[in-house]
Amino acid sequence: MTTLEQTTAPKSTSTLSRAKLTPWAPWLVIVVATALASLIVLLGSWSWYAVPFLAVLFVIIGLPAWSAAIEGRRAAMDRLATCLVWTSLLVALVPLVWVLTEVVLKGVPELSLSFITHDMQQKLDPVTYKMAAGAGVAHALVGTLLITAAATVISVPVGLMTAVYLVEYGAKSRVARWTTLLVDVMTGIPSIVAGLFALALFTLLFGNGTRSGLMGAVALSLLMIPTVVRAGEEMMRLVPDDLREASYALGVSKWRTIVKVVIPTAFGGILTGVMLAVSRVIGETAPLLVAVGSLDLMNANIFSGRMQTLPVYILTEYKKSTPEDYNLAWAGALLLILIVMVLNLVARIISHVFAPPSNERR
Amino acid sequence: MAKSIDVSDLNIYYGDFLAVEGVNMTIKAKSVTAFIGPSGCGKSTMLRSLNRMHEVIPGARVEGKVVVAGESLYDPSVDPVSVRRQIGMVFQRPNPFPTMSIFDNVLAGNRLNARKISKSEAESIVERSLRGANLWGEVKDRLNKPGMSLSGGQQQRLCIARAIAVEPQVLLMDEPCSALDPISTSAIEDLIHELKSDYTIVIVTHNMQQAARVSDDTGFFNLKAAGEPGHLVEFNPTRKMFSNPDNESTEAYISGRFG
C-alpha cells in the first residue's frame, strides 16, 4: 500500500528543509487502508466487523512506514505516536457513542407523556375486560429523584464539613490523616455493601422487614460522601492562603472566612464534585434493590415502604423478558441518562455563573 | 485615632525555630516606620506579629510584649480577631477577593463581619476609601467589575482601600510595592505620605530609597549568621540612619557594602 511514490519531494541542499509528505497523506493512507481491509474481508469472506480493526492496523503500520521512507526516522516516530493517540481516542469514544446511540434508538419510540405520567399498575381494559399491564415510569422517576435528593441532602453537609475540617482545622494531625485514609477506603466500598449496611442498620433500629426510600438514601450517601469530601478538599486547598490572610487581616473570624471567602471561591469546583457524586449514585442498582426493594406502584413517601427507582425499574423490566418490557427498560435507561445529562448541564451553568472571573484581565 | 506601638523583648518562633530575637522598639503614632534588612532576617515575621497574623501559621508563637496604646496584644484575654480589626494589613502580593466586585472588595471588612450598613453609608465608605487609596478616579465608573479585572498596581491600591475602609488605627504594609512597576510604586508612596496624617504606618521594604523617601523612623534587621535568629540592629530616625548610622553593619548594608 505504500507503492505510491512521493513525487513532490525535491532534494534540497539546505540543512534546515527536508522532504515532507503532503498534508493529505494521512487521509490517503486511511482511504487506502480501508479499501485494502475491505478487499481482504471480501476475499476471505470474513465478518464485516473485521474491517475497522484491519484498517486501523494498516494505518498504524502504513503511515509511519511511508513517512520513514520519505521523511526520515524522527518524523516516522511522530506519525506513529499520532496514530496511536488517535486510535486510543477512538477506542475510548466508540463504546460511548455506541451505547448512547443504542439507548436513544431503542428508548425514544417508547418515550411518551403517558410513559412518564403512569406507573406499572395493572388496569382493567374497558373494552376487552382483561387485566392489562401498566406501561409507565412515573413511580420510578419520582423514586429516583427523591432518593437521590435525600442522599445529596445527607452527604453534602457531612462531606463538606469533613473537607472543611481536613483543610482548615485538621492540617496534618493524626485525626486528619486517619480521616483521609478512611475516606479513601470508603471510595472503594462495593455499592452492594453500602446497601447491606443500610439494611442492617434499619433492621436493627426498626425491626425485620423494614423498607423505605430513606434506607436507599443512606446507602447512596455512603457512596457519595467520599467523592464530596475529596472534591471539597481538593478545591478548598486550591484557594490561595493569600485570600485567607487577607480576610483575617480585616478582622474576620475563621469560620466567617471559611463561609464567606473560602467556600465561595471554591464553589464552582465543589459543585462539580457534588454533581459527579450525584451522577455516580443515581445509576446505582444493587444497594437500592437491597435496601429499598422494588414496587410497581407510585410511592412518594421516602420514610415508609418500598419504592421504585429507575435503575431497579430497568432491571425489573429486563427480568420480565417480553419484548414490551425490554422496550420499557430501554426507555427507562434513556430517561436516566437524560436526567444525568440535565443535572450536569445545570451544574455547569451554575458553576460558570459563580466562577471567580480571575481570567478576565483587562 | 492613630496609636503608637511599644515592643519589648519580643522573641518570635516558628515551632522550635527562633526566627526573631529580642526586639525592642517604639513605633510613633501618625508616622511611617520602615523595616529594612536582608531576606530572611525576620522583617515580615516581625510585622506580622504586630497584628497577631503570625500565629495563623501552625506552630508559630511569640514571647514578649507588644503594647498598642496601653493594651498588651498578647494578653491571654485579647481576641486576635479584634486586634486585626484595629490593625490593618496590606500584603506583598495584591490579593483582592476574586469572587467580589471592586465595590464589594472595599466593603469586605464590613460585609464579612456581617456589620449592618445602609446603602448610602456603604456608598460613602467605598468612595471615601477609594479616594483615600487614590483609586476613585480610575474605577468610579466600573465599581461592579470584578476586583481581579484591575491592573496589579490598581489591585494593590484596592487592597489598601479595603484595609482603610474599616478605619484601623495602624496600617501594616509588607513590601507593598515589590510586585509593582515604578509608576504604581510612586502612586503608593504618595498615598503613604497622605495616609500618614491619619494612621500609624509600618512598612517592610527591600528598597532602601523607598525607606528613605517615605519613612520617619527606620529599623534595620540583620542575621548574625546563617541559621541564627534575626535581630534588630538599629532603630533610629530615618534621616540619622541614612546619614550617620550608629552601627557599622547598618552603614555597610545601606551603602551596599553588605557582608
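A crossing is left-handed if the near helix is turned anticlockwise from the far one by less than a right angle. I note that first, as my opening entry needs it. The model I am reading is a predicted one.

**Entry 1: two helices in chain A**

I looked up how α13(A) sits against α14(A), and α13(A) passes α14(A) in a left-handed crossing. Helix α13 covers residues 310–320 of chain A and helix α14 covers residues 323–354 of chain A. Their axes come within 7 Å and cross at roughly 160°. Angles over 145 degrees count as roughly antiparallel, so α13(A) is roughly antiparallel to α14(A).

Next I listed who meets whom. From α13(A) I found A:Leu310, A:Pro311, A:Tyr313, A:Ile314, A:Glu317, A:Tyr318 and A:Lys320. Among their counterparts in α14(A) are A:Tyr326, A:Leu328, A:Ala329, A:Leu335 and A:Leu336. By class, I have 11 nonpolar, one polar and three charged residues in this contact.

**Entry 2: where chain B touches chain A**

How many residues does each chain bring to the contact? I get 26 from chain B and 23 from chain A. On the chain B side, α2 (80–86), β6 (87–90) and α3 (102–112) are the elements that give two or more residues. The largest share on that side is the four residues from α2(B). Sorted by class, the side of chain B that touches chain A holds 13 nonpolar, nine polar and four charged residues.

**Entry 3: the sheet in chain B**

Since β6(B) turned up at the contact, I followed it into its sheet. I read an open sheet of 10 strands with mixed pairing, in the order β5-β4-β1-β2-β10-β9-β3-β8-β7-β6 (chain B). Why is one side of β5 (71–72) and of β6 in chain B left without a neighbour in the sheet? These strands stand at the edges, each with a single partner strand, so one side of each has no neighbour there.

For β6(B), I checked the link to strand β7 (residues 170–174) of chain B: four bridges join the two, which run parallel. B:Ile87 stands opposite B:Val170 in β7(B).

Are the faces of β6(B) covered or open? Both are covered: B:Ile87 and B:Met89 are buried on one side, and B:Gly88 and B:Val90 are buried on the other.

Further along the sheet, I looked at strand β9 (residues 217–223) and strand β10 (residues 230–237) of chain B, which pair in the antiparallel sense over seven bridges. There, B:Thr218 stands opposite B:Asn236 in β10(B).

Last, I noted helix α6 (residues 152–165) of chain B, which packs on the sheet and touches β6 and β7 of chain B. The direction of α6(B) makes about 175° with that of β6(B).

Definitions and conventions:
Residues numbered from 1 in each chain as written. Chains lettered and ligands numbered in written order. Predicted model: local features only at pLDDT ≥ 70, side-chain atom pairs only at ≥ 80, totals over all residues. Axes fitted to C-alpha atoms, helices over the stretch in contact; angles between N-to-C directions. Parallel < 35°, antiparallel > 145°, perpendicular 65-115°, else oblique. Contact = placed C-beta atoms within 7 Å. Nonpolar A, V, L, I, M, F, W, Y, C, P; charged D, E, K, R; others polar. Buried ≥ 20, exposed ≤ 12 C-beta atoms within 10 Å, placed from the backbone. Pairing = 2+ DSSP bridges.
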